[in-house]
Protein chains: 2
Amino acid sequence: MFSFRVCAGLVGCRIGICVRSLRSCPGITIDEEVAKLLELKAQLGGDDGKHQFVLKTAKGTRDYNPKQMAIREKVFNTIISCFKRHGAETIDTPVFELKETLTGKYGEDSKLIYDLKDQGGELLSLRYDLTVPFARYLAMNKITNIKRYHIAKVYRRDNPAMTRGRYREFYQCDFDIAGQYDPMIPDAECLKIVHEILSELDLGEFRIKVNDRRILDGMFAVCGVPADKFRTICSTVDKLDKMSWEDVKNEMVNEKGLSEEAADHIGEYVSLQGGMDLAERLLQDQKLSQSKEACAGLSDMKLLFSYLQIFQVTDKVVFDLSLARGLDYYTGIIYEAVLTQVGVVPAPVSTEAQNGAAEETVSVGSVAGGGRYDGLVGMFDPKSRKVPCVGVSIGIERVFSIMEQKAEASAEKVRTTEVQVMVASAQKNLLEERLKLTTELWNAGIKAEVMYKKNPKLLSQLQHCEDSGIPLVAILGEQELKDGVVKLRTVATREEVWQGCWQLTPVSLCLNSAQVCCSVT
Amino acid sequence: MFSFRVCAGLVGCRIGICVRSLRSCPGITIDEEVAKLLELKAQLGGDDGKHQFVLKTAKGTRDYNPKQMAIREKVFNTIISCFKRHGAETIDTPVFELKETLTGKYGEDSKLIYDLKDQGGELLSLRYDLTVPFARYLAMNKITNIKRYHIAKVYRRDNPAMTRGRYREFYQCDFDIAGQYDPMIPDAECLKIVHEILSELDLGEFRIKVNDRRILDGMFAVCGVPADKFRTICSTVDKLDKMSWEDVKNEMVNEKGLSEEAADHIGEYVSLQGGMDLAERLLQDQKLSQSKEACAGLSDMKLLFSYLQIFQVTDKVVFDLSLARGLDYYTGIIYEAVLTQVGVVPAPVSTEAQNGAAEETVSVGSVAGGGRYDGLVGMFDPKSRKVPCVGVSIGIERVFSIMEQKAEASAEKVRTTEVQVMVASAQKNLLEERLKLTTELWNAGIKAEVMYKKNPKLLSQLQHCEDSGIPLVAILGEQELKDGVVKLRTVATREEVWQGCWQLTPVSLCLNSAQVCCSVT
């Protein structure tokens with residue numbers, strides 16, 4: 001038993017005792033105490049004088065306005081078409097998981113996980129990525145093979161540079177192939193997919209770096225890195241795309257206690273880049289060939305490049321020994337796509353250097369990344385049955401911000417609706433007729449708008465078309481109603497034609513003009 | 001200053017003193033104490049012996065498997081097409097809001113809001129619906145008119161009957177028109193949209209009930225309900241679709257203290273149903289016509305029906321005085337669509353009766369609902385500037401579960417991929433040739449799959465086509481390669497044709513057969 005004080009200045013000094021005392025004390029009611037303290041806080045807050053209400057979104061989050069949504073939709077459509085072309089299904093998982101599902105999966109980044117308040121019942125956390133929920137889904141449903149994509153928001157309590165397109169709530173866009181297959185075929189398809197998507201999104205020149213965890217580990221072994229330092233040295237190597245070799249070496253030697261000789265050895269290897277030829281050469285390398293692991297990785301790298309040749313993507317793929325990637329769960333091939341064209345590459349983001357393990361924060365200009373993770377699903381299976389997986393995550397937030405910049409720079413206006421025709425009138429008292437024509441158009445499947453005013457001005461109706469990019473206006477007037485026609489005006493050219501055939505009463509549009517509307521857009 | 005004990009049996013007795021002491025104590029560090037206690041709890045939990053890991057999703061949530069996703073996509077496409085046909089833009093908001101943004105918007109349902117843990121920084125809650133974030137968005141961006149849809153998940157700590165398609169995480173699908181317009185035009189368009197969507201989804205017969213808050217309030221006034229009881233009597237009236245009039249009357253009289261006479265008066269009105277004629281008749285009603293509010297509502301109801309006639313939707317719309325709807329923020333017209341065909345209507349859900357105010361839980365068989373809320377945006381505006389709004393929410397989770405039931409009952413298989421052709425081989429050692437042909441198909445934009453095996457059995461390749469509904473198989477063999485053709489097999493009929501023209505080395509498909517693949521699906 002113990003006591004502690006809640007008032008300022010006297011707090012916190014006895015927590016060590018608390019823990020020890022509580023451990024030997026059955027029937028602890030910490031939950032109750034927490035609830036009471038929080039209630040207390042709420043009460044105190046409520047008495048805090050007149051509270052100023054702040055009109056904002058939560059820190060690190062943003063609304064998407066219609067223009068941003070239009071760009072987002074276009075990007076999604078391109079990416080989803082590619083996933084579908086490769087025969088992928090899609091799944092969805094809840095935005096929160098049991099807290100313990102996420103525990104032990106993200107190393108020290110676990111501190112960035114959003115927890116839900118304990119309101120009684122299960123302890124929950126917001127998903128941190130889509131890979132762990134995917135692995136949980138496979139294990140839970142005993143699925144041993146699937147090719148799926150999943151596009152959804154994930155949550156990280158980071159301090160992101162939002163001006164550069166990084167947020168606490170952001171999209172991930174994952175494609176994964178799970179199943180026991182012959183080596184490197186699904187791995188090569190993932191790279192083919194990255195190649196297709198980046199080409200189609202038209203983001204400029206890009207390069208896809210590939211490496212293999214087994215090659216890295218073999219390299220570390222033959223360079224004399226102690227086995228227990230593989231992961232930490234690996235995460236230092238991962239910084240090579242944002243730090244000079246000198247700084248990386250310095251970190252290895254002075255911070256992580258590696259011998260200078262070992263660091264220099266590593267330095268020689270990580271400067272190597274090539275293709276299948278490099279893999280062949282390294283298989284002959286006196287030192288590296290002593291590592292069975294490295295040899296397995298290098299043989300698979302050769303096989304991978306043979307498939308990449310068939311897939312016609314070797315123009316962009318580079319075997320790069322400096323590619324490490326932060327996440328612990330990779331077991332084989334790893335890859336990362338970077339934009340290489342100056343101008344479209346977002347500026348370096350300071351928080352990234354501190355957070356190398358986060359999936360989408362791997363490097364400056366990185367727009368996709370992934371690799372093979374054969375052990376993750378087994379972590380969820382009660383019998384540790386493994387389901388080999390390989391996958392890729394498209395850095396879609398970075399793609400959004402590049403596309404937004406491009407749209408901003410372009411003269412062409414981003415349309416936020418798909419309206420094909422505006423039903424307008426030049427004269428008063430034609431609301432009913434406008435609504436009737438609009439109904440006809442809707443019923444014929446045509447995207448049509450009408451102003452919600454009894455007597456809108458023609459100018460404001462035309463202005464609305466200009467503003468929102470509606471290509472056609474159907475203009476009603478007394479004379480047109482008498483003649484059974486409608487005046488169709490092309491907004492861009494101001495050309496006008498009269499389209500027949502109308503019935504006088506009720507006004508109804510013949511299919512003819514409906515087709516005109518359709519064929520324009 | 002004070003102290004309290006954390007061990008069992010001695011806890012909680014001094015909290016009253018705490019609150020008083022703390023209020024007069026500056027620099028309180030309750031947050032720190034809470035954090036420490038929770039940390040303590042985590043530590044204790046960790047030492048709790050071997051913990052049994054539970055492989056499940058959080059209570060009240062579910063994964064969507066590929067089949068459910070295929071159905072979901074189809075439903076979304078139908079609904080989004082309709083919204084776009086009516087010229088709507090779309091927006092998105094974060095999944096969590098500042099807690100205070102949600103405070104005071106949901107009455108006693110606020111207890112169902114998910115809060116995030118206080119991990120330092122802002123206090124956050126998961127969104128409870130899409131309407132409050134929409135109003136926050138309008139006020140924050142000073143938008144005075146917009147027509148937008150928003151489809152996203154919302155969160156309620158309810159105890160839902162999940163077997164009946166109700167969850168703690170579920171989709172809402174909202175369409176709203178904000179802006180100062182001439183009366184009843186946007187309101188009528190919302191009903192037109194409900195009519196279009198329910199017709200296109202082909203869910204069976206439906207009816208759209210409409211009423212007006214002003215008519216209800218006027219009716220309560222002339223029936224002698226005290227003004228401070230309008231809302232509570234209104235929520236009792238709202239139960240008429242799941243309770244008999246006797247039970248409703250009983251609740252009014254015995255629970256809510258209404259006079260029996262007033263209740264009987266209400267009973268007469270709420271049994272009325274009709275169309276424009278009923279609105280006209282009630283405008284002549286001796287009692288009701290004494291209420292200015294009721295008259296305003298009834299005149300607008302007449303106007304609404306005149307627009308509904310133009311929109312050609314009066315076949316499904318009923319002016320029903322028993323429709324009340326739970327949410328407090330409605331100020332004018334309200335409506336609700338119900339399925340009337342026996343068989344597809346989900347069974348009554350017990351929790352609904354307790355939770356009449358929840359948007360999507362309004363009634364058995366309810367698949368859409370909404371109304372006019374002219375005051376909500378003003379609640380967020382520092383100067384209380386009003387932005388009139390009218391909107392509708394499609395009960396999309398109910399639609400999903402009906403569609404899933406229909407798919408289950410149907411003989412037709414739900415496809416989860418869109419693959420058009422499987423590239424197979426009957427003989428060994430043709431992996432490269434299969435991959436080459438697949439590459440050609442992908443590059444031509446055709447959805448194609450290939451097995452990730454060096455030497456798959458023809459039978460297992462054909463079986464995969466049967467299982468996933470792939471209509472065509474392109475079969476490669478030595479002879480075909482020599483002849484420069486590919487055998488195209490239609491899976492359903494087992495018909496086979498040889499398609500030219502191939503080059504011998506490298507194998508490449510001529511556009512001809514690519515077109516065949518395309519034209520089949």
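Reader: Hi! Before we start, what kind of model is this, and how are residues and chains labelled?

Author: It is a predicted model, where local features need pLDDT of at least 70 and side-chain atom pairs count only at pLDDT 80 or more, while totals for chains, interfaces and linings use all residues. Residues are numbered from 1 along each chain as its sequence is written, chains are lettered from A and ligands numbered from 1 in the order in which they are written, and side-chain values use heavy atoms, with hydrogens and water left out.

Reader: Thanks! How many salt bridges does the structure hold?

Author: Over all chains there are 68. A salt bridge here is a side-chain nitrogen of Lys or Arg within 4 Å of a carboxyl oxygen of Asp or Glu.

Reader: Nice. What does B:E196 pair with?

Author: B:E196 meets B:R85 in a salt bridge, 2.7 Å from N to O. B:E196 sits in helix α6 (residues 185-201) of chain B and B:R85 in helix α3 (residues 66-85) of chain B, so this pair ties together parts 111 residues apart in sequence. Helices (H or I, at least four residues) and strands (E, at least two) are DSSP runs, numbered from the N terminus.

Reader: Are B:E196 and B:R85 buried or exposed?

Author: Both B:E196 and B:R85 are buried. That means under 20% relative accessible area, with exposed over 50% and partly exposed in between (1.4 Å probe, protein chains only).

Reader: And which residue does B:E205 bridge to?

Author: B:E205 bridges to B:K316, with the closest N and O atoms 3.2 Å apart. B:E205 lies in the loop between α6 and β7 (206-212) of chain B, and B:K316 in the loop between α12 (292-310) and β9 (317-320) of chain B, so the pair ties together parts that are 111 residues apart in sequence. B:E205 is partly exposed at 44% relative accessibility, whereas B:K316 is buried at 13%.

Reader: Which residues are joined into one network by salt bridges that share partners?

Author: That network joins A:R72, A:K153, A:E169 and B:D92.

Reader: What about A:E496?

Author: A:E496 forms a salt bridge with A:K487, the closest N and O atoms being 3.7 Å apart. A:E496 counts as partly exposed at 30% relative accessibility, and A:K487 as buried at 17%.

Reader: Switching topic: how many helices and strands are in chain A?

Author: Chain A has 18 helices and 17 strands. Of its 521 residues, 58% are buried.
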